[in-house]
Amino acid sequence: MSTRAAFPGLLMALPAALALLALLYLPFFGTVLLAFSDWSFTPAPPRFVGLANFERILAEGRLQGTLGNTLLFALMAVCGTLLTGLCAALALERRTVLNGLLRSVALLPLMSASVAMLLVWEMMLNPIVGPGATLFALFGGTPLHWLGEPRLALPTLAVIFVWQNFGLAMVLFLAGLAGTEAQIREAVRIDGAGWADELRIVRLPALAPIALFVFVVALIRALQAFDLVAVLTRGGPDGASRTLIYAIFEEAFRYFRADVAAALSLVFFCLVAAIVLTKVLVLDRAMRGS
Amino acid sequence: MPDLAIRGVSKQFGRARILDDVTLDVVDGEFLALLGPSGCGKTTLLRIVAGLEEPSGGEVRLGGTSLMGVPPRERNLAMVFQSYALYPALTARRNIAVPLELRRLPFLGRLPLLRRLLPGPSGRRREIEAEVAAMAALLHIEPHLDRRPAQLSGGQRQRVALARAMVRQPLLFLMDEPLSNLDAALRGAMRIEIVRLQRRLGVTCLYVTHDHAEALGMADRVAVLAEGRLQQVAPPAELYEHPANLFVARFLARPRLNEFPLHVAEGGVLRFGAHRLPLIADIAPGATLTLGLRAEDLALGGPEGPAATVEHLEHHGPESLVHLRLEEGGAEIVARLARGESMPPRGARLHVSPDWSRAHLFDAAGQAVATRRIAAEAVA
């Protein structure tokens, strides 16, 4: 293409390019620079300190726990979303009026304002005034402190994440099921398959590429799940639900250590980059091969 | 004895009546073609036999036992679909093995990962592999067994679908327009191959098609279906020589049936306008009949018969079609000339002389009417 012909195209791309530059690339490079400096909201100009921030993070010894929380939460959240989304899609596959209604209900959490819903969850799980606690008390049990118990906090957050996101997975799986050819499903029934074999031979293979997509989307959403932690546990109790994304926020805006937060952001970036690379290089290739 | 008996089967979707009281028998080892135009209900009938559809009335029996309420997987029949319906995630080999695995292996042994760990049915598994290989050899698809359906050509997919249906030696073989997605040359070859396989395996076969050449060429008997009703069930030659009604005569005529309105005079004498036909029908005078004559049963250029003008000529190689317009009544008719017969030029005026032994008469309701030939001298 000649320069002359390219000009209008470049001109039209300019506003978006400027926005990307201002809001994405500049902050990104700023963060990278910050991660290797000692600036923390002070008037003094930043100084290059090499890997000092990373050494600080390692010396403080909280990174392993934070990374562990992040990965454990992501594992529970992603598996839960995949499984519940798949089960909901299989259960609501047939087009009936009731199923149409239930499909809409399953999508409601995704469409509601997240923080408002989380406040409702906080009330529901409250060990003193929550309805669950009242029910427990009625039968003489001791209500569980879902968000206050170190062993329970992270799984509880994962359950709420699944509640928020399984509708999206369900819709994608339903689309995949609608795409399977009716004759193939009839053929397998004539060949002697019951429900489980039909699922194994026809439906699950058809859903595999969708499951991969849901997996990646849910994983990225789970790694970025900030509002859950911020509203319900603030990383507690005793750091039991302190995930990487929340730790970055805490370092920057609670302890005012912008340089440390930037270094943690870089760790987070590497984690996400590794996941994306794995998807592109390993999973996509495997899917194409099959 | 796996005789298939379809007894008074009806099917309604809402107000629409798809099948109306269909009664049909397919005897052991027979190849029966279900022929009809699209929308006549033939595929619905096949799906009812397969158990994919419940009839609104009537019954289907196989080998003396009723199939009503029996799920498809327990009916011991196999089906070949128009779209082949191969399992896209499985190789051709696994596709063919599916019906055997589902019947002979326990559930855990069928799971791809577990079956390597379980010691149990390895003997049965080897048996299955051997049968799959034998069926693949019969259909000449051994080189493609490790490919997935997406990597196979249309003809290869068709063969895999046939192998999958035949491998477990079902009591009954159902085929729903299995050749309609193939190109013409391949279709011709597969016709012969399917019949050969069916005879060799001795499996009773119900074959749905809208292609009259396929039905006449492959089947032992043909059942013609129109608007949900069975029109005629007969061997191909009988269907062609003695169509039971106007619909069957029209459906089997190529390019189309020539139809002439006839008037019945005293003594069953038949008249087409001023012409008297050398045929007598035992029918009351005053009725109107339809005379049906196929293109191949008309001769041109004789000394007598209705006069017509040649309007258009079609050369097809082994045969030619001559389109004419009758002087009397102005109807368009078509005659077929064999290769070597002299072609009249366009615009020529000539006499049309039918082969009266091949004339078919139908009453006002379209049902065939018996006729007797009388000597030509009696006509004059």
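Me: Which residue of β20(B) is the bridge partner of G292(B)?
Reply: This is a predicted model, in which local features need pLDDT of at least 70 and side-chain atom pairs count only at pLDDT 80 or more, while totals for chains, interfaces and linings use all residues. Residues are numbered from 1 along each chain as its sequence is written, with chains lettered from A and ligands numbered from 1 in the order in which they are written. Strand β14 (residues 288-293) of chain B runs antiparallel to strand β20 (residues 360-362) of chain B, and three bridges join them. In β20(B), G292(B) has as its bridge partner H360(B).

Me: Which strands of chain B stand at the edges, each with a single partner strand?
Reply: Strands are DSSP E runs of at least two residues, numbered from the N terminus, and two of them pair if DSSP finds at least two bridges between them. The open antiparallel sheet in question has seven strands of chain B in the order β21-β20-β14-β11-β12-β13-β22. One side of each edge strand is left without a neighbour in the sheet, because each has a single partner; the two are β21 (368-369) and β22 (371-373) of chain B.

Me: Which residue of β9(B) is the bridge partner of L32(B)?
Reply: Strands β3 (residues 31-35) and β9 (residues 221-226) of chain B run parallel and are joined by four bridges. Across this pair, the partner of L32(B) is R221(B).

Me: Where does the largest nonpolar core lie relative to domain 1 and domain 2 of chain B?
Reply: A nonpolar core is a set of buried Ala, Val, Leu, Ile, Met, Phe, Trp, Tyr and Cys residues joined through C-beta atoms within 7 Å. The largest one has 160 residues, and those with the most contacts inside it include L157(A), L32(B) and Y207(B); helix α7 (residues 150-178) of chain A gives the largest share, twelve residues. Domain bounds come from an automatic or database domain assignment. Domain 1 (4-245) and domain 2 (253-379) of chain B both give residues to this core, so its place is between them.

Me: How far apart do the C-alpha centres of domain 1 and domain 2 of chain B lie?
Reply: Along its principal axes, the C-alpha trace of chain B spans about 90 × 45 × 35 Å. The separation of the two domain centres is 41 Å.

Me: Which element gives the largest share of the side of chain B that touches chain A?
Reply: In this interface, 18 residues of chain B are in contact with 15 residues of chain A. The side of chain B divides into 14 nonpolar, one polar and three charged residues, where Ala, Val, Leu, Ile, Met, Phe, Trp, Tyr, Cys and Pro count as nonpolar, Asp, Glu, Lys and Arg as charged, and the others, Gly among them, as polar. The largest share, four residues, comes from α2(B).

Me: Is T66(A) buried or exposed?
Reply: T66(A) sits in helix α3 (residues 63-91) of chain A, and its contacts beyond four places in sequence are R242(A), T243(A), L244(A) and A247(A). A residue is buried with 20 or more other C-beta atoms within 10 Å of its own, exposed with 12 or fewer, and partly exposed in between, the C-beta atoms being placed from the backbone. Because T66(A) has 22 C-beta neighbours inside 10 Å, it counts as buried.

Me: What is the phi of G63(B) in the turn between β4(B) and β5(B)?
Reply: β4(B) pairs with strand β5 (residues 65-66) of chain B in the antiparallel sense over two bridges, and R61(B) stands opposite S66(B). The two strands form a hairpin with two residues between them, and the phi of G63(B) is positive, about 60 degrees.

Conventions: Two residues are in contact if their C-beta atoms, placed from the backbone, lie within 7 Å.
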